Amino acid sequence: MSHIFYTWTAQRHAHPLTVDAAEGARFRTREHGWLWDLESQTYNVNAGHGNKHIQERMIAQIRELPVAGPNMRLDVREQLTAALAERTGLCRAFLASGGAEAVENAIKIARLYTGRSKIVTRRRSYHGATLATLGIGGDPRRAPFAADLPPAIHIDDPYPVPAGEPSAWVRSLHEVVEREGPETIAAIVLEGFTGTNGMQHPPPDFWPAVRAVCDRHGILLVDDEIFSGFGRTGRWFAREHWGVKPDLMVLGKGLTSGYAPLSAVMVSAAVAAHFDDHKLWCGVTHYAHPVGCAAALGALEVYAEERLPERADQVGAVLAQRFQDMSQRPCLHGAVRDARGLGLMRCLELDRPAAPIAARLLERGAYVPYRDNLLFICPPLCLTAEEAHIVADLLADAVAENINAARA
Ligand SMILES: Cc1ncc(COP(=O)(O)O)c(C=O)c1O
């Protein structure tokens, strides 16, 4: 009998893999041998497995000073936050341990700064699994708790991309803001690029229109880059694709490449200045954990030195081309309805459930996350173009085998 809970499943249905090694874009399991890691564990191992530089930074920090209270001044904290300020163009960081915790603190900071309470998000969005973050998002994972959550305020999703100017999505945004009363809205929180809710491309007026609404009404724009940040979409941060500057950013996952738990809320100079004279009602025990900070510094150095955002862009283009071919290949009989994404944050929309295809891939050497009829392809950013072709071959074969099995 196991004494650990597995997440997002009835325990009887959990089929954990036993992992005993990991290197680059693959990990080794006792059950299936080496597997391509198309989920980067939890969409976080952006630098790849077994990265010596990150490990050495962490080991050095463990030897020097593995623990320090939240309000101790440490070089590693100063260095990391200076690097994050430079990368994000924002000014000051609040450092927590996990993504949802950071989103909650972003909500608190937005409420303290604006004196308003409402938070607006997109209908199909995920911002974490705590009650407050389930409360603002629209992901199906809120369902068991929905009856006891305060009503969420959602704008429509910007897809399928509507024709005309402004897009239907922008009209929905204006309607929601007018209906709720702009003077009551503290923040609009958006994923830089939406993750397991579909990876659909927003229309070009998506981000600029939100920025304009926020500017007009003194609402803060919060960019949740927990999934899409740190090179995943072929840019350091996904919102760079739309050229818009947020007031707050939320960072997690790839911040440390998953080597240690750490998350961050980055805030603009104006928001930071507010807390010069107003109390910051926020804090956690593991605030700015020194080993997490060392891991994050190491990860940032690896992303820059190995030019991993650029690489994700290039290798993502290889996958995009291969997936496009799959959607048009006659022998796949239209099984791939759509192939979309940015960089190494990609998704195949199928005309059938994805689970049997993911099960087949596990036998063939790839671990691929899925939801309903969507397969997600999010490998570590160190994946090479040659490896991308191997992965694409495996995916195409698994879809073809599924079609043949269904016909037999
Ligand atoms: C966009 C986004 N926000 C927030 C979270 C929550 O992060 P965590 O699971 O670290 O709490 C996630 C996790 O998948 C996410 O994708």
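Helices and strands here are DSSP runs, numbered from the N terminus. With that numbering, Leu 262 sits in the loop between strand 9 (248-251) and strand 10 (263-267). The model is a predicted one.

Leu 262 has a relative accessible area of 3%. The cut-off for buried is under 20%, so Leu 262 counts as buried. Its contacts beyond four places in sequence include Leu 80, Ala 96, Ser 97 and Gly 252. Leu 255, Thr 256, Ala 288 and His 289 are also among them. Phe 145 is elsewhere: 117 residues from Leu 262 in sequence, and 27 Å away in space, C-alpha to C-alpha.

Now step back to the whole chain. The chain divides into domain 1 (11-47 + 308-407) and domain 2 (52-305). Taken over C-alpha atoms, the domain centres are 27 Å apart. Domain 1 brings 26 residues to the contact, and domain 2 brings 32 residues.

Next, the nonpolar interior. In soluble globular proteins, nonpolar side chains tend to be buried together. The largest nonpolar core of this model holds 94 residues. Within this core, Leu 84 and Leu 375 touch the most other members. Helix 9 (residues 290-305) supplies the largest share, ten residues. Where does this core lie relative to domain 1 and domain 2? Both domains give residues to the core, so the core lies between them.

Beyond four places in sequence, Leu 375 is in contact with residues including Arg 346, Cys 347, Leu 348 and Leu 350. Ala 354, Ile 357 and Ala 358 also belong to this list. Val 368, Pro 369, Tyr 370 and Leu 395 are on the list too. Another core lies apart from the largest one. This other core has 20 residues, among them Val 177, Ile 188, Ala 209 and Val 244.

Turn to the ligand. Which residues surround the ligand? The residues around the ligand include Gly 98, Gly 99, Ala 100, Tyr 126, His 127 and Gly 128. Glu 191, Asp 224, Ile 226, Phe 227 and Lys 253 are also among them. An N or O atom in the backbone of Gly 99 is 2.8 Å from a ligand oxygen atom. For Ala 100, a backbone N or O atom lies 2.7 Å from an oxygen atom of the ligand. Asp 224 uses its side chain: an N or O atom there is 2.7 Å from a ligand nitrogen atom. On its own, the ligand has 400 Å² of accessible area, and the protein covers 78% of this.

Glu 191 leads on to Thr 194. The side chains of Thr 194 and Glu 191 make a polar contact at 2.8 Å. Thr 194 lies in the loop between strand 7 (185-191) and helix 7 (206-217). Thr 194 is buried, with a relative accessible area of 1%.

Helix 1 (residues 40-43) holds Ser 40. Ser 40 is buried, at 0% relative accessible area. Beyond four places in sequence, Ser 40 is in contact with Val 45, Arg 232, Cys 378, Pro 379 and Pro 380. Gln 41 is in helix 1 as well. Gln 41 is partly exposed, with a relative accessible area of 32%.

Finally, check the backbone. Gln 41 has a positive phi of about 65 degrees, although Gln 41 is not a glycine. Arg 307, also not a glycine, has a positive phi of about 50 degrees. Arg 307 sits in the loop between helix 9 and helix 10 (308-328). Arg 307 is exposed, with a relative accessible area of 52%.

Technical notes. Residues are numbered from 1 along each chain as its sequence is written. This is a predicted model: local features need pLDDT of at least 70, side-chain atom pairs count only at pLDDT 80 or more; totals for chains, interfaces and linings use all residues. Side-chain values use heavy atoms; hydrogens and water are left out. A nonpolar core is a set of buried Ala, Val, Leu, Ile, Met, Phe, Trp, Tyr and Cys residues joined through side-chain atoms within 4.5 Å. Buried means under 20% relative accessible area, exposed over 50%, partly exposed in between (1.4 Å probe, protein chains only). Helices (H or I, at least four residues) and strands (E, at least two) are DSSP runs, numbered from the N terminus. Domain bounds come from an automatic or database domain assignment. Contact means heavy atoms within 4.5 Å. A residue is near a molecule or strand if one of its heavy atoms lies within 4 Å of it. A polar contact is a pair of N or O atoms within 3.5 Å; within protein, one must be able to donate a hydrogen and the other to accept it, and residues adjacent in sequence count only if both atoms are side-chain atoms. Accessible areas come from the Shrake-Rupley method with a 1.4 Å probe; for residues, only the protein chains shown count as cover.
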